[in-house]
Amino acid sequence: MPTNKQQRLAAQRRLQRQLEKRAELARKRRRNLLVVVTVVAVVLVAGAVALVAGLGGDDDPSAQAASSSTSSAAAEATAAPAVTNADGTVTCTYAPDTSGNPSLTDVGTPPDPASTPASGTVGLLMSTDQGDIPLTLDRAKAPCAAASFAYLASVQFFDGSPCHREVNQPTFGVLQCGDPTGSGSGGPSYKFAEEVTPETTYPRGTIAMANSGTPGSTGSQFFLCFVDTQLPPDYTAVGTVDEAGLAVLDTIAAAGNDGSFEPSPGGGAPNTPVTITSMTVVA
């Protein structure tokens with residue numbers, strides 16, 4: 001029969017084994033939790049990339065199938081960032097779009113790109129069949145985009161064009177417009193560089209320029225944020241929508257979208273169709 005001492009030693013060994021098993025189980029739980037968190041993070045990032053890619057659209061789908069490295073290098077080589085001049089203006093580069101996209105419309109390029117104003121604002125009235133949406137462009141924040149936007153409005157580029165895409169998510173709510181063809185691949189026959197900083201954000205009321213996901217691919221398509229929208233700082237924030245315009249956007253957004261762009265790039269055509277009847281410079 002074991003002595004009391006032997007019994008105590010045996011009990012201590014059993015307790016030690018139990019503690020070791022518990023510690024090993026805890027380590028496994030932590031490893032499994034880390035794997036789950038990592039997978040979820042990867043899925044969320046991939047989803048965001050898919051949604052963001054859908055904010056492009058000036059490129060012809062057939063052209064997108066070509067080598068992305070070649071097209072990206074060409075865009076960087078031809079659509080240079082703005083250069084600040086001694087008098088406070090900037091020099092913008094509006095590079096010809098040589099993709100061969102048949103959905104592009106040749107309306108020339110903005111005048112006097114070598115002396116583009118970089119201060120003050122430009123007012124636009126975006127009249128739609130759902131109501132007027134007043135816009136204010138910020139020349140100081142995005143002089144080249146503001147100049148291009150105002151120029152396209154002055155030549156009636158946007159008149160009669162539909163807003164072809166809407167996304168309705170808690171952290172990604174936008175109405176995308178600016179393509180006269182309504183296909184998502186149209187735009188002018190020129191492109192220019194994005195005007196962004198690491199601090200660029202897209203709160204409710206932001207007007208931002210869409211691009212195809214490659215540097216220097218900004219054209220005419222833009223999106224209006226009706227919620228605080230979480231995107232990486234890759235899209236030029238060119239101005240803001242006023243409160244009256246946001247009320248119109250909220251009414252459009254309340255009807256949702258038809259999901260025709262799901263699962264990628266996300267969203268769909270607005271359930272309440274929106275056509276820009278005119279876009280005019282007011283100030």
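Mentor: A cut-off comes before anything else. A residue is called buried under 20% relative accessible area, exposed over 50%, and partly exposed in between. Keep in mind that this is a predicted model.

Use the cut-off on a loop residue. Asp112 has a relative accessible area of 55%, so Asp112 is exposed. Asp112 belongs to the loop between strand S4 (104-105) and strand S5 (121-128). Its backbone is worth a look too: phi is positive, about 50 degrees, although Asp112 is not a glycine. Gln156 also carries a positive phi, near 60 degrees, and is a residue other than glycine. Find Gln156 in the loop between H4 and strand S7 (161-162). Its relative accessibility is 49%, so Gln156 counts as partly exposed.

Now go inside. In soluble globular proteins, nonpolar side chains tend to be buried together. Here the largest nonpolar core holds 40 residues. Met126, Leu135, Phe149, Phe222 and Met279 touch the most other members. Helix H4 (residues 143-154) gives the most to this core, with eight residues. A second, separate core has 10 residues, including Tyr202, Ala210, Phe223 and Leu231.

Leaving out residues up to four places away in sequence, Met279 touches Leu124, Leu125, Met126, Leu135, Phe149, Ala153, Phe158, Asp159 and Phe222.

Ile276 sits in strand S15 (residues 275-281). Ile276 counts as buried because its relative accessibility is 0%. Beyond residues up to four places away in sequence, Ile276 touches Met126, Ser127, Thr128, Phe158, Asp159, Gly160, Ser161, Cys163, Cys177 and Phe222. Look at Cys177 in that list. Ile276 and Cys177 are 99 residues apart in sequence, yet 8.5 Å apart in space, C-alpha to C-alpha.

Two proline bonds come next. Pro263 lies in the loop between helix H5 (243-254) and S15. The peptide bond from Glu262 to Pro263 is cis, with omega near 0 degrees. Pro265 is also placed in the loop between H5 and S15. The bond from Ser264 to Pro265 is cis as well, with omega near 10 degrees.

A loop residue can be buried. Thr229 is found in the loop between strand S13 (222-225) and strand S14 (237-241). Its relative accessible area is 4%, so Thr229 is buried. Its side chain reaches the backbone nitrogen of Gly173 at 3.4 Å. Setting aside neighbours within four places in sequence, Thr229 is in contact with Thr171, Phe172, Gly173, Val174 and Tyr202. Tyr202 is one of the residues in the second core.

A search of the whole structure finds one cavity of 30 Å³ or more. The largest cavity has a volume of about 40 Å³. Ala80, Pro81, Ala82, Cys92, Thr93, Cys144, Phe192, Ala193 and Glu195 form its lining. By class, that lining has seven nonpolar, one polar and one charged residues.

The second largest pocket has a volume of about 240 Å³. Its lining takes in 15 residues, and Asp138, Lys141, Thr200, Thr201 and Ala237 lie nearest its centre. Strand S6 (131-138) and S14 are the elements that give two or more residues to this lining. By class, the pocket lining has four nonpolar, eight polar and three charged residues.

Terms used: Residues are numbered from 1 along each chain as its sequence is written. This is a predicted model: local features need pLDDT of at least 70, side-chain atom pairs count only at pLDDT 80 or more; totals for chains, interfaces and linings use all residues. Side-chain values use heavy atoms; hydrogens and water are left out. On a 1 Å grid over the protein atoms alone, a cavity is a set of points where a 1.4 Å probe fits but cannot get out, and a pocket is an open set with protein on both sides within 12 Å along at least five of seven lines; lining residues have an atom within 4 Å of a point. Grid points are joined across faces, edges and corners, and a volume is the space filled by probe spheres set on the points. Ala, Val, Leu, Ile, Met, Phe, Trp, Tyr, Cys and Pro count as nonpolar, Asp, Glu, Lys and Arg as charged, and the others, Gly among them, as polar. A nonpolar core is a set of buried Ala, Val, Leu, Ile, Met, Phe, Trp, Tyr and Cys residues joined through side-chain atoms within 4.5 Å. Buried means under 20% relative accessible area, exposed over 50%, partly exposed in between (1.4 Å probe, protein chains only). Helices (H or I, at least four residues) and strands (E, at least two) are DSSP runs, numbered from the N terminus. Contact means heavy atoms within 4.5 Å. A polar contact is a pair of N or O atoms within 3.5 Å; within protein, one must be able to donate a hydrogen and the other to accept it, and residues adjacent in sequence count only if both atoms are side-chain atoms.
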